[in-house]
Structures are given as C-alpha cells and as structure tokens.
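Colleague: Let's go through this model question by question. Keep the answers brisk.

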Amino acid sequence: MKLTTPHTRPRTAPPDITAMVDVVFLLIIFFLTTLSMEELERDRLDLPRQSGERESVELPPGIVINIRSDATIVVESRVLTLAETLSMISATIDETPGGAVALEVLVRPDRSAPLAAVNNLARGLVDRGVQRWRIATNPVSTGATP
C-alpha cells in the first residue's frame, strides 16, 4: 500500500554550490598571491657554500635582505642603499611586537659579494639590537656515497 501521492515534492532542496565555488576561487587567488610574493623576495643568487645547520629552518623571516655580487642591497624587490636598509629595519623594529629582540632577519649574500657589504649590514643590525639574524648558505656536498 502506497502512502504518498505521485504529485508530492521532495522535502530536500538541491544543494547550492555557489558558496563553495566562491570559497575555492578565493583560495586559488590567495595561494597564487602568496606564491608570487615569495618569489619576489628571492633573487637568484649564488649563495656561499657552507655546511651550516643540519636541519633546515622553516620559520619565515621577518625581513629578507639580498646582497648581490656588486654589493647592491635588495629588499622586497627594491634596490636600497645601506642607510635606507637600516632605516627600514629601524622602522620595522618599531612596528614589531617585542622590538628588535623579536625581529628575524635573513641575509642572503651572493658568494662573490664583497664581505665589507655583509659586515656593514651585520654591524648595523647589531647596533639596532637585532639578535635573531641568519645568513643563508648552500650546503656543501660531502662527497660520500651510500
């Protein structure tokens, strides 16, 4: 015995996927934007070869400073002088919660860059109280075969 009539409508509405499509597009835009920003911060440099730390550090640095082979300083795809770079670091220290102690800086010098440029930048970082800065290197191959 049938209790339903043939003209009865289903009680559930078909799913509306418009909101889901909007979220997917927003995620795609977010990932494309962050990927392109990361690529802008990283110049193609021949980094110094050094053994460095065995474990790679995955913490994102607060500021990425590139020093090219001609001693040009590049921060966020902008070419700056040493004075401009240190002024920007001082301004960033003022905006960072915790100040100079909490600010992290990654220095990426080209292997053929003059050491004086790296030393002058290091002196400026120390003078401003920056305690957490690293120098990026390429790992040295040990030549050992398994």
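Colleague: Is Ala71 buried, partly exposed or exposed?

Modeller: This is a predicted model, in which local features need pLDDT of at least 70, side-chain atom pairs count only at pLDDT 80 or more, and totals for chains, interfaces and linings use all residues. Numbering starts from 1 along each chain as its sequence is written, and side-chain values use heavy atoms, with hydrogens and water left out. Buried means under 20% relative accessible area, exposed means over 50%, and partly exposed is in between (1.4 Å probe, protein chains only). Ala71 has a relative accessible area of 30%, so Ala71 is partly exposed.

Colleague: What is the phi of Ala71, and which loop holds the residue?

Modeller: Ala71 is in the loop between E1 and E2. Helices (H or I, at least four residues) and strands (E, at least two) are DSSP runs, numbered from the N terminus. Ala71 is not a glycine, yet its phi is positive, at about 70°.

Colleague: Where is Glu76, and what is its phi?

Modeller: Glu76 sits in the loop between E2 and strand E3 (78–80). Its relative accessible area is 49%, so Glu76 is partly exposed. Glu76 is a residue other than glycine with a positive phi, near 50°.

Colleague: What pattern does the protein follow along the sequence?

Modeller: The protein has 3 helices and 5 strands. Read along the sequence, they give α-β-β-β-α-β-α-β.

Colleague: Which residues touch the most other members of the largest nonpolar core?

Modeller: A nonpolar core is a set of buried Ala, Val, Leu, Ile, Met, Phe, Trp, Tyr and Cys residues joined through side-chain atoms within 4.5 Å. The largest one holds 20 residues, and those touching the most other members are Ile63, Ile65, Ile67, Ile89 and Val105.

Colleague: Is H2 roughly parallel or roughly antiparallel to H3?

Modeller: Axes are lines fitted to C-alpha atoms, for helices over the stretch in contact, with angles from 0 to 180 degrees between N-to-C directions. The axes of H2 and H3 come within 10 Å and cross at roughly 30°. Angles under 35 degrees count as roughly parallel, over 145 as roughly antiparallel, 65 to 115 as roughly perpendicular and the rest as oblique. H2 is therefore roughly parallel to H3.

Colleague: How far apart in space are Ser112 and Arg68?

Modeller: Ser112 lies in the loop between E4 and H3. Its relative accessible area is 52%, so Ser112 is exposed. Ser112 and Arg68 are 44 residues apart in sequence, but C-alpha to C-alpha they are separated by 8.0 Å.

Colleague: Which residues does Arg132 touch, not counting residues up to four places away in sequence?

Modeller: Arg132 lies in strand E5 (residues 132–135). With 41% relative accessibility, Arg132 counts as partly exposed. With residues up to four places away in sequence not counted, Arg132 touches Val101, Ala102, Leu103, Glu104 and Val105.

Technical notes:
Contact = heavy atoms within 4.5 Å.
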